[in-house]
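Subject: Structure for you to look at

Hi,

Here is the structure I promised to pass on. Have a look around it first, then read my notes below.

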Amino acid sequence: MENILRGDKLILGTCYYPEHWDKALWEDDLKRMLDNGIEVIRIAEFAWSKIELHEGQFNFDFFDDFLKVAEKVGMKVIFCTPTATPPAWLTEKYPEVLNADKNGVLYRHGARRHYNYNSKKYIELTKIIVEKVAEHYGKHPSIIGWQLDNEFNCELGEFYSESDTLRFREFLKEKYQTLDKLNEAWGTMFWNQIYTAWEEIYVPRPTAFGNNNPHQLLDYKRFISDSACRYAKLQSDIVKKYIKDGDFITTNSLFGNLDCCRMNEESLDFFTYDSYPNFGYCLDTYEANKSSLNDRSWSRHLAETRAISKRFGIMEQQSGTTGNHIGMEGPTPRPGQITLWTMQSVAHGADYISYFRWRTCTMGAEMYWHGILDYSGRDNRRLREVNDIHKKFEKLTPVAGSSYKAQIGIVREYDNIWDSELDVWHRRIQWASADAWFRTLQQNHTPFDYCFIDHMTVDELTKYKYLVYPHAVILKKETVEKLEKYVELGGTLLFGCRAGYKDETGKCVMLKLPGLIQNLCKTDIPEYGYVSPDDGEAYADWDGTKLHAAIFNEQLEPLDGGKVEATYKDTYYEGTAALVSNEYGKGKVYYFGGAFSDETVKVFIDKLGIAKPFSEVIELPACCELAVREKEGKQYIFVLNYSKEPVEIDVKKTLTNLYNDQVESGKVILKGYETKVYIYQNM
Ligand code: GAL
């Protein structure tokens, strides 16, 4: 079995496009990759025409020839289904396969990802090409795995074609059965939107002032996700029939309107992510990106990938400069940064790292999107850095198969992610709080996991000592039951404001707030509202500690058993409760009436004892990330210096530096962008 996530070594790969280069380059390219430690390539995701140049005329010679070379030199291959770029003959003959914008204008041939998931014709042609490709190449000895399509929902995460409308109606019929139920769920009595026939329903269309029905929009996002998941499953069911035992099926990256947990569970062996941290240094947005920690904020996406798929790889890891669109232009990675970003991925749990791409393309829309090599293909600094990473990977062999260690989980649900994209009240608190939690935990060296609660069991949740659900706006009964059980069994749970005020349709509930968790939290919320700009800083007093209550304030009133922990200050509701706690079973729950700023998160993690779980082993300055992976009683401590300046760290135990087997303790200097991996055995 040649799986890239076998758990016994870290593996390097790259994305290669045989169709972009003269055949004369192939063998030498693959040998040079192998010489530099790259042992896997991903191919063919945009190469439909190399197999079916004319409808129904299949010719496998091109990739047969290429795979012969791969086999000869011993290169392993991830083969892709080529559906992300339908050929010109296809879209010309069957324009119904095209995606459309909200005005119904079709996206035409000439870029990529211009198809829609719901066209019956595209589904039929997809089945044919995927079947042909998998059947022909599935047993090839050099192939070790398959990638479905490329980046589902990238570029276009919204679909407004006629086929989408037709399928949307089916989706809604399956969900609601009757129009009465749909009208009820969408609240169509408001502004006289009542539907009297399914044919009256469309995917969202342009409306006056963009005031579309919010409940319809929420269902539409669920529908897009459902469409992408079904489309991936259709492909994976076919590929599965032909692949060799042990070969895997994956797809790459995270985009909007997509329940990646479901896609992973239904169709994949594991997920892969495409990591481009240099976006944090785009020329025009560098200053704005600072608040989200620039390249370091990719740790957030890596944490999300890990939540979707415990074992995961990186299918595209940045290795060069960027920029085919305005606003995406960025500097070339500085010496050390390719290593830093690679180790960032490994620190978060990736055991496979594949660079995008081997050679920089000399043509097409991505001419500036640099790979390891430049246009000439000569040896260069970036290739030397990759070679050095390979040497480091050999030293890091024991890290493979280990798991990321976190004792705090941040709860997420796609319904709330999507609702926060649609609902301005929800967005204002959610986005600010999500940033604050990420930034503050990062800068305080407190590793965390995201927990997609509707894809987790109570047992899995109890691995976390602490759970935070910053804004559980839409609250489902099943979620509440899991959270109650989690606390009952001894967990500590923290909610921020606005929990439980919406049901699954996105409508406001008529219960006293916080709705379904009133009993768990033992608080009532008789009054609430945005912090007035007129009021200055909103804060509460928590036993003498100032607790910033940002953006939105709920005035809490404890119920029997609830304990007031903090009360608002300097406002007309001074003295009312801002934070109420409740002992529940063996655990404890906190309900906080505000959104979270960095200061707020800092107070909570200090008071609840969450902060800096490794401070007895190592202390770092804020500009360094700490991540810990664990396996068989050994901990692997990753230290990542994102700053271009050297920094001093304090190694408080005697630790072995895995890169060079040197023992280190006390004050240690890390150069700009330098990374270290220490091994620590504390039992
Ligand atoms: C990814 C995509 C690649 C390439 C790369 C650089 O999103 O999968 O095909 O486009 O970005 O732009």
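Let's start at the ligand: one of its oxygen atoms sits 2.7 Å from an N or O atom in the side chain of Glu 316. That is a polar contact (a pair of N or O atoms within 3.5 Å; within protein, one must be able to donate a hydrogen and the other to accept it, and residues adjacent in sequence count only if both atoms are side-chain atoms). Before you go further, note that this is a predicted model, where local features need pLDDT of at least 70 and side-chain atom pairs count only at pLDDT 80 or more, while totals for chains, interfaces and linings use all residues. Also, residues are numbered from 1 along each chain as its sequence is written, and side-chain values use heavy atoms, with hydrogens and water left out.

Glu 366 has a side-chain N or O atom 2.4 Å from a ligand oxygen, and for Glu 151 a polar side-chain atom is 2.5 Å from a ligand oxygen. On its own the ligand would expose 300 Å², and the protein buries 93% of that (areas by the Shrake-Rupley method with a 1.4 Å probe; for residues, only the protein chains shown count as cover). The residues around it (near means a heavy atom within 4 Å) include Phe 46, Arg 112, Asp 274 and Trp 369. By class, this shell has four nonpolar, one polar and five charged residues. Here Ala, Val, Leu, Ile, Met, Phe, Trp, Tyr, Cys and Pro count as nonpolar, Asp, Glu, Lys and Arg as charged, and the others, Gly among them, as polar.

Phe 356 is also in the shell, and a cis peptide bond joins Phe 356 to Arg 357, with omega about -15 degrees. Another cis bond links Leu 513 and Pro 514, with omega about 5 degrees. Most peptide bonds are trans.

**Spaces inside**

Points are joined across faces, edges and corners, and a volume is the space filled by probe spheres set on them.

Among the residues lining the largest cavity are Ser 299, Tyr 404 and His 445. His 445 has a positive phi, near 55 degrees, though it is not a glycine, and lies in the loop between α14 and β11. Helices (H or I, at least four residues) and strands (E, at least two) are DSSP runs, numbered from the N terminus.

The second largest pocket holds about 770 Å³. It has 33 lining residues, with Arg 306, Lys 310, Ser 403, Asp 449 and Tyr 464 nearest its centre. β11 gives the most to this lining, four residues.

**Salt bridges**

The structure has 59 salt bridges (a side-chain nitrogen of Lys or Arg within 4 Å of a carboxyl oxygen of Asp or Glu). One of them pairs Lys 476 with Asp 415, at 3.4 Å from N to O. Lys 476 is in the loop between β12 and α16 and Asp 415 in helix α13, so the pair ties together parts 61 residues apart in sequence.

Cheers

Terms used: On a 1 Å grid over the protein atoms alone, a cavity is a set of points where a 1.4 Å probe fits but cannot get out, and a pocket is an open set with protein on both sides within 12 Å along at least five of seven lines; lining residues have an atom within 4 Å of a point.
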